[in-house]
Amino acid sequence: MNGTRDWIIPENWANGVNTVEGSLPKRPTVSNNYKATVVPQYLRLIPAGSIFNSISYQFSTSWRHTDRPRPLVRYIYKILSVNRASENAHRAYADRIENEQRLWHATVRRCQLGDDGQGLQLCADEQCSLCQIIRTSFKKKFSLDSGMFGKGIYVSSTSSKAAGYSQNSQPSNYKAILLNNVVVGRAYETNEPMQGRTAPPAGYDSVCGLPGTALKFDETCVYDDDAIRPTYLILYDVGKP
Ligand SMILES: [Zn+2]
C-alpha cells in the first residue's frame with residue numbers, strides 16, 4: 001500500500017476552500033423598519049493545514065476494520081456553536097464529570113450537506129438525523145431503546161465502527177461522519193450486553209463496551225444529552241462496493 005495515499009489533497013479541493021470562504025454571506029444591514037433574517041451558520045470548511053491533518057489522521061488510524069478499505073477524507077467542517085446556553089451546559093458537565101474524549105458517531109444523511117465542500121445549509125427534513133444533530137446536538141429521547149447498552153447516545157473510538165451507521169438517502173460520492181467531544185467520565189467497562197438501561201450503573205457516568213465476545217470493536221454509551229457535542233463533520237469517499 002502506498003503510504004502517502006492518505007495525505008494527497010485533491011487539487012480542486014484547495015480552490016474550493018477559497019471559493020467557499022470568499023463567498024461567506026456578508027453581515028446583513030438593518031435599516032428602519034426592515035430587519036434582515038439572519039440564517040445561522042453551522043459549518044465552516046477547514047482548510048488544508050494542521051487541523052485538517054490531525055482529524056484526518058485520527059480518522060485513518062482509528063479505521064480498524066481490515067475487511068473494509070480505509071477511505072480518503074475529502075472535506076472537514078468545524079461545527080459552529082450557535083447556542084451559548086447549550087455550550088455552557090456541556091462545559092459545566094465536562095468540568096464536573098471530566099474525562100472528555102473525541103469519539104465518532106455516524107447516522108442518516110437525507111440531504112447532500114457538505115458534498116464537494118459546499119452546501120453549508122442544513123436541510124429542513126426532520127428525518128435527516130445528521131442535520132438535526134448539527135442543529136440541536138444529540139437528544140437521547142430520539143435514540144432507540146434497543147441498543148446493546150440500552151437507551152443512550154452511542155459513539156466509538158473506531159472510525160470504521162461508527163462509519164457502519166453512516167447512511168445516504170441521496171446519491172453522493174461521499175459519506176458523512178461526526179467527530180464529537182464526549183464526556184465519558186467514569187466508564188463502566190464490560191464485554192456483555194446491558195440492554196434495557198436508561199442510565200449508567202450507579203457510580204459510573206457511561207458504559208464502555210470493550211472488544212471481546214459480544215463486540216468486535218469498542219462502543220461507548222452516554223446517557224446525558226450534555227455529555228456530548230458534535231464538533232467536526234467529516235466527508236469521506238464512499239469507496240468501491
Ligand atoms: Zn440534512
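**Entry 1: isoleucine 134.** I looked up the contacts of isoleucine 134 and found Tyr42, Ile79, Leu122, Pro230 and Leu233, leaving out residues up to four places away in sequence. The model is predicted: local features need pLDDT of at least 70, side-chain atom pairs count only at pLDDT 80 or more, and totals for chains, interfaces and linings use all residues. Residues are numbered from 1 along each chain as its sequence is written.

**Entry 2: the core.** I then turned to the largest nonpolar core, which has 50 residues. Such a core is a set of buried Ala, Val, Leu, Ile, Met, Phe, Trp, Tyr and Cys residues joined through C-beta atoms within 7 Å. The members that touch the most others are Ile76, Tyr77, Ile134, Ile177, Val182, Leu233 and Ile234. Strand E7 (residues 174-183) gives this core its largest share, seven residues. In soluble globular proteins, nonpolar side chains tend to be buried together.

**Entry 3: burial and contacts overall.** I noted that 34% of the 241 residues of the protein count as buried. The criterion for buried is 20 or more other C-beta atoms within 10 Å of the residue's own; exposed means 12 or fewer, and partly exposed lies in between, with C-beta atoms placed from the backbone. Among contacts between residues at least 6 apart in sequence, 70% join residues at least 24 apart.

**Entry 4: the sheet.** I recorded five helices and eleven strands in the protein. These are DSSP runs numbered from the N terminus, helices being H or I of at least four residues and strands E of at least two. Five strands form an open antiparallel sheet in the order E1-E2-E11-E7-E3. Strands E1 (43-45) and E3 (100-105) are at the edges with a single partner strand each, so one side of each has no neighbour in the sheet. Two strands pair if DSSP finds at least two bridges between them. Strand E2 (residues 73-79) is joined to the antiparallel strand E11 (residues 228-237) by five bridges. Valine 73 stands opposite tyrosine 236 in E11.

**Entry 5: leucine 45.** I located leucine 45 in strand E1. Leucine 45 counts as buried because 21 C-beta neighbours lie inside 10 Å. Its C-alpha atom is 6.1 Å from that of isoleucine 76, 31 residues apart along the chain.

**Entry 6: helix H3.** I checked the length of helix H3 (residues 84-97): its 14 residues should span 20 Å at 1.5 Å a residue, and the end C-alpha atoms are 20 Å apart, which agrees. The expected span is 1.5 Å times one less than the number of residues. Glutamate 98 follows H3 and has a positive phi, near 70 degrees.

Key: Two residues are in contact if their C-beta atoms, placed from the backbone, lie within 7 Å.
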